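Student: I am new to this structure and would like to know what the terms used for it rest on. Please show it to me.

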Amino acid sequence: MLEYVLRHLGYIGCDDTTKQKVQDMMERGQEYLSRYDPGIDWTKPTPMQKGLLKDFCLYEQSNALDDFKVNYRAELLDLYHDYLSRKSEAENADDV
């Protein structure tokens, strides 16, 4: 996942300091996105989760996280609704 984000941020063949900086951005992004879906498995993210994390990092790199929240509102709501749907399905399965 780190290499994917590095590539999309334009860091090819970068040093360890840059890799750590991007890793820190990814961790902040994972924490932020997990507010909308606490069940995300970051070892196997869905394409939507992976894309949102990459875009979060792009916006953070540009010091534009407030814009991320506005521009990706619909996607964040989709992420939250996916979580609620899975949660509801699991609760209904427990009731059976």
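Tutor: Two residues are in contact when they have heavy atoms within 4.5 Å. Keep in mind that this is a predicted model.

Student: Which residues is Leu 6 in contact with, leaving aside its neighbours within four places in sequence?

Tutor: They are Tyr 11, Cys 14, Lys 19 and Val 22. Leu 6 itself lies in helix 1, residues 2-9.

Student: Why is Leu 6 called buried?

Tutor: Buried means under 20% relative accessible area. Leu 6 has 1%, so the word applies. Val 22 is also among the buried residues of helix 2.

Student: What makes Arg 28 and Glu 60 a salt bridge?

Tutor: The rule asks for a side-chain nitrogen of Lys or Arg within 4 Å of a carboxyl oxygen of Asp or Glu. The closest N and O atoms of Arg 28 and Glu 60 are 2.5 Å apart, so the pair qualifies. Arg 28 lies in helix 2 and Glu 60 in helix 3, so the pair ties together parts 32 residues apart in sequence.

Note on methods. Residues numbered from 1 in each chain as written. Predicted model: local features only at pLDDT ≥ 70, side-chain atom pairs only at ≥ 80, totals over all residues. Heavy atoms only, no water. Buried < 20%, exposed > 50% of the residue type's maximum accessible area, 1.4 Å probe, protein only. Helix = DSSP H or I, 4+ residues; strand = E, 2+ residues; numbered from the N terminus.
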